[in-house]
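Let's take a walk through this fold together. Keep the viewer open and follow along.

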Amino acid sequence: MKAGFFVTGTDTDVGKTWTTIALMRWFQMQGLSAVGMKPVAAGCEWQDGMLKNSDALLMQQYASVPLEYRQINPYAFEAAISPHLASGDVEVSMDVISNGFIRLQQLAEVVLVEGAGGWYSPLSSVLDNAGLAQVLRLPVILVVGVRLGCINHARLTMSAIRQAGLPCAGWVAVQIDPKMPGFDGNLAFLREVIEAPLLGVLPFLAAADFELLATNLSLPNWQKVDVHQKK
């Protein structure tokens, strides 16, 4: 079985990359090959004569199969600003991303595509995360960084995902502030109002431990998510 998911977030810096890699590890623990893709990344550094993104490098490290860097991140931009500005004169081609995704599906059973920023954040002058997920026809996994304002952001993003005609395979709560007052209460409220299964709660960690994070996830019905089903 070939499967793919689009990982989006309620905002930037809410834990999308760690969640994506934890999901990769979860699938790998089920005996499936899994890889990640970050089609567009800004805030990259020069390494080995090319721009590389630290998040994409982590995905490369934890992929089930050896991948060239550009297979994971075809569009890497140096400036640490919104990709539609960082890209400058470079045209972000949907065909390049789609073809790259198809090639990854030929190499692994599960492909997790991580967007940049939130659902409506632009990737270029003509493409945003929502449009990318629609073109790739992928079920969405929403990462909610639990902090002040997250309830509004989560509900708005869920509504936008439904309006796009894509199913939400579930959501992941990330404790990004270890001292946040009312964390449990906010989490309980989110569970009531988000009409999608909670796939896990990822605790705050000062350093990445993807094995531990993966054990906090559960996707029992992932094979039943129908990308053609509109909600």
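What follows goes from the sheet to its helices, and then to side-chain pairs.

A word on ground rules: this is a predicted model, in which local features need pLDDT of at least 70 and side-chain atom pairs count only at pLDDT 80 or more, while totals for chains, interfaces and linings use all residues. Residues are numbered from 1 along each chain as its sequence is written, and side-chain values use heavy atoms, with hydrogens and water left out.

Start with the sheet. Six strands make up an open sheet, and reading across you get β2-β7-β1-β8-β9-β10, with parallel pairing. Strands here are DSSP runs of E with at least two residues, helices are runs of H or I with at least four, and both are numbered from the N terminus; two strands pair if DSSP finds at least two bridges between them. At the edges sit β2 (34-37) and β10 (198-202), each pairing on one side only. From one strand to the next, the twist averages 20°; angles run from 0 to 180 degrees between N-to-C directions, using axes fitted to C-alpha atoms, for helices over the stretch in contact. Zoom in on β2 and you'll find four bridges joining β2 to β7 (residues 110-118), where G36 has L112 as its bridge partner.

Now for the helices that lie across the strands. Helix α5 (residues 94-105) lies across β1 (3-9), β2 and β7, and runs at about 170° to β2. Over β8 (140-145), β9 (168-174) and β10 you'll see helix α8 (residues 183-193), at about 175° to β9.

Next, have a look at T17 in helix α1 (residues 16-29). T17 has 7% relative accessibility, so T17 counts as buried (buried is under 20% relative accessible area, exposed is over 50%, and partly exposed is in between, using a 1.4 Å probe and protein chains only). Setting aside neighbours within four places in sequence, T17 is in contact (heavy atoms within 4.5 Å) with K38, D55 and E114. With E114 there is a side-chain to side-chain polar contact at 2.9 Å; that term means a pair of N or O atoms within 3.5 Å, where within protein one must be able to donate a hydrogen and the other to accept it, and residues adjacent in sequence count only if both atoms are side-chain atoms.

How many salt bridges does the structure hold? There are four, each a side-chain nitrogen of Lys or Arg within 4 Å of a carboxyl oxygen of Asp or Glu. One of them joins D11 to R147, with the closest N and O atoms 3.3 Å apart. D11 is in the loop between β1 and α1 and R147 is in the loop between β8 and α7 (150-163), so the pair ties together parts 136 residues apart in sequence. Another is E211 with R25, at 2.7 Å between the closest N and O atoms. That pair links helix α9 (residues 210-215) to helix α1, 186 residues apart.

Finish with the rings. The count is seven aromatic pairs: rings of Phe, Tyr and Trp (its six-membered ring) pair if their centres lie within 6.5 Å, with planes under 30 degrees apart called stacked, over 60 edge-to-face and the rest tilted. The F5 and F27 rings have centres 5.9 Å apart and planes at 25°, so they are stacked. Ring pairs also link F5, W26, F27 and W222 into a cluster.
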